[in-house]
Amino acid sequence: MLNVPTILLLDEEQLMREATALLLTNRGAKVTKTATLDEALAELGHRTYDVAVIDLSTSSPKCVEILQRMRAHGNVPHRVIVTTSQPLPRHESAELADVIVKPYPFERLLDAVFGARSSRRAAPRSGVFPLVRRITATRRTAQARRGRV
């Protein structure tokens, strides 16, 4: 696969870190998972990343502090995406590629990481409802063939 994005994922919650990494890996990205800012900075010392996905919790340092520490470390990814439970002040979000407020559909994160795909519908889709519609349509077709409709 050509042009595989390398992603540094910083999330303190293990379950969300694993789920997000799996989601991004299944879409073709190479993901490095970290649980703390110090781990993320250590990884930035080893390689360059295309995208950093940073999950800010209430115990996390402010976004500005994270970016300053990355700059001081000498390696800031090309795009920085932050997920947070509250919108960030304008001065904190100015240097970020995207700020995603929780809860968000995973499609929103995928669009931020990989760029919006033109073939995708504008509204986020659920994995369940298209299947329900397909089953309903199949049942109607079968009933019509049997003359029950």
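1. Leu-9, Leu-10, Asp-11, Thr-20, Val-53, Ile-54, Asp-55, Thr-83, Tyr-104 and Leu-109 line the largest cavity. Two or more of these residues come from each of β1 (6-10) and β3 (51-56), and β3 gives the largest share, three residues. A cavity here is a set of points, on a 1 Å grid over the protein atoms alone, where a 1.4 Å probe fits but cannot get out; lining residues have an atom within 4 Å of a point.

2. By class, this lining has six nonpolar, two polar and two charged residues.

3. The largest cavity holds about 40 Å³ of space, and the search of the whole structure finds one cavity of 30 Å³ or more. Volume means the space filled by probe spheres set on the grid points, which are joined across faces, edges and corners.

4. The model is predicted: local features need pLDDT of at least 70, side-chain atom pairs count only at pLDDT 80 or more, and totals for chains, interfaces and linings use all residues. Residues are numbered from 1 along each chain as its sequence is written, and side-chain values use heavy atoms, with hydrogens and water left out.

5. The chain has six helices and five strands, in the order β-α-β-α-β-α-β-α-β-α-α from the N terminus. Helices (H or I, at least four residues) and strands (E, at least two) are DSSP runs.

6. Of the chain's 149 residues, 34% are buried, that is, under 20% relative accessible area with a 1.4 Å probe, protein chains only.

Conventions. Buried means under 20% relative accessible area, exposed over 50%, partly exposed in between (1.4 Å probe, protein chains only). On a 1 Å grid over the protein atoms alone, a cavity is a set of points where a 1.4 Å probe fits but cannot get out, and a pocket is an open set with protein on both sides within 12 Å along at least five of seven lines; lining residues have an atom within 4 Å of a point. Ala, Val, Leu, Ile, Met, Phe, Trp, Tyr, Cys and Pro count as nonpolar, Asp, Glu, Lys and Arg as charged, and the others, Gly among them, as polar.
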